[in-house]
Amino acid sequence: MKGPEAFRTISEAAEQLNVPQHVLRFWETKFAFIRPMKRAGGRRFYRPHDLSILAGVRRLLHEEGYTIKGVQRLHREQGVARLIAAGQGEAPPPEGGLADLLAVDLDAAAQDRLSVTLADLEGAKARLDALLNL
């Protein structure tokens with residue numbers, strides 16, 4: 001038996017996730033963040049981190065009723081850590097998005113601080129996007 005940190009072949013990964021191998025290959029075409037190592041001859045090896053992500057994708061698609069576009073959006077908005085959390089059983093946010101979760105009564109000063117912070121974050125994201133697109 002392999003240790004928890006050992007790489008898994010596609011057949012082992014498929015068995016662990018309880019999905020057919022062709023589904024894993026299909027997910028690779030739909031989700032750019034799924035990148036198993038490939039050896040000579042195209043043989044795939046999944047790292048433990050890959051399996052954590054795949055478990056989240058599987059749960060979101062098969063148990064939570066997300067669409068492929070919904071999982072792509074969740075990844076884009078909340079990152080890979082959110083997918084891993086879903087694989088560990090953490091419930092995803094409602095489809096309404098983060099705005100619905102943050103609908104709390106704040107005083108004017110707190111709203112101002114949040115607005116400034118959001119503007120700073122959006123500026124940082126724009127600068128990072130510009131650097132990545134060079």
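Of the 134 residues of the protein chain, 31% count as buried. Buried means under 20% relative accessible area, exposed means over 50%, and partly exposed lies in between (1.4 Å probe, protein chains only). The model is predicted: local features need pLDDT of at least 70, side-chain atom pairs count only at pLDDT 80 or more, and totals for chains, interfaces and linings use all residues. Residues are numbered from 1 along each chain as its sequence is written, and side-chain values use heavy atoms, with hydrogens and water left out.

The protein chain exposes about 9,100 Å². Carbon and sulfur atoms supply 56% of that area. Accessible areas come from the Shrake-Rupley method with a 1.4 Å probe; for residues, only the protein chains shown count as cover. Seven helices and three strands make up the elements of the chain. Helices (H or I, at least four residues) and strands (E, at least two) are DSSP runs, numbered from the N terminus. From that terminus on, the order is β-α-α-β-β-α-α-α-α-α. Among contacts (heavy atoms within 4.5 Å) with a separation of 6 or more, 52% come from residues 24 or more positions apart.

Helix α2 spans residues 21-30. Its residues Val23, Leu24, Trp27 and Glu28 are buried. Seen down the axis of α2, these buried residues fall within an arc of 145°, so they line one face of the helix. The arc is that of the directions from the helix axis to the C-beta atoms. His22 and Thr29, on the other side of α2, are exposed. The cover over the buried residues of α2 includes α1 (10-17), β2, β3 and α3.

By the distance rule, the count comes to eight salt bridges. A salt bridge is a side-chain nitrogen of Lys or Arg within 4 Å of a carboxyl oxygen of Asp or Glu. Side chains of opposite charge can pair when their charged atoms come close. Glu28 takes part in two of the pairs described here. One partner is Lys38, at 3.8 Å from N to O. That pair links distant parts of the chain, with Lys38 in strand β2 (residues 37-38) and Glu28 in helix α2, 10 residues apart. The other partner is Arg44, at 2.7 Å from N to O. Here too distant parts of the chain are linked: Glu28 in α2 and Arg44 in strand β3 (residues 44-46) lie 16 residues apart. Glu28 counts as buried because its relative accessibility is 13%. Arg44 is also buried, with a relative accessible area of 18%.

Asp50 forms a salt bridge with Arg47, and the closest N and O atoms are 2.9 Å apart. Asp50 counts as buried at 9% relative accessibility, whereas Arg47 counts as partly exposed at 29%. Elsewhere, salt bridges that share partners join Arg58, Arg59, Glu63 and Glu64 into one network.

Val71 sits in helix α4. Val71 is buried because its relative accessible area is 0%. Leaving out residues up to four places away in sequence, Val71 touches Phe31, Phe33, Val57, Leu60, Leu61, Tyr66 and Leu83. The C-alpha atoms of Val71 and Gly56 are separated by 9.4 Å, and the two residues are 15 residues apart along the chain.

Helix α5 covers residues 80-87. Arg82, Leu83, Ile84, Ala85 and Ala86 are buried there. What covers them includes α3 (48-63) and α4 (68-78). Just after α5, Gly89 takes a positive phi of about 100°.
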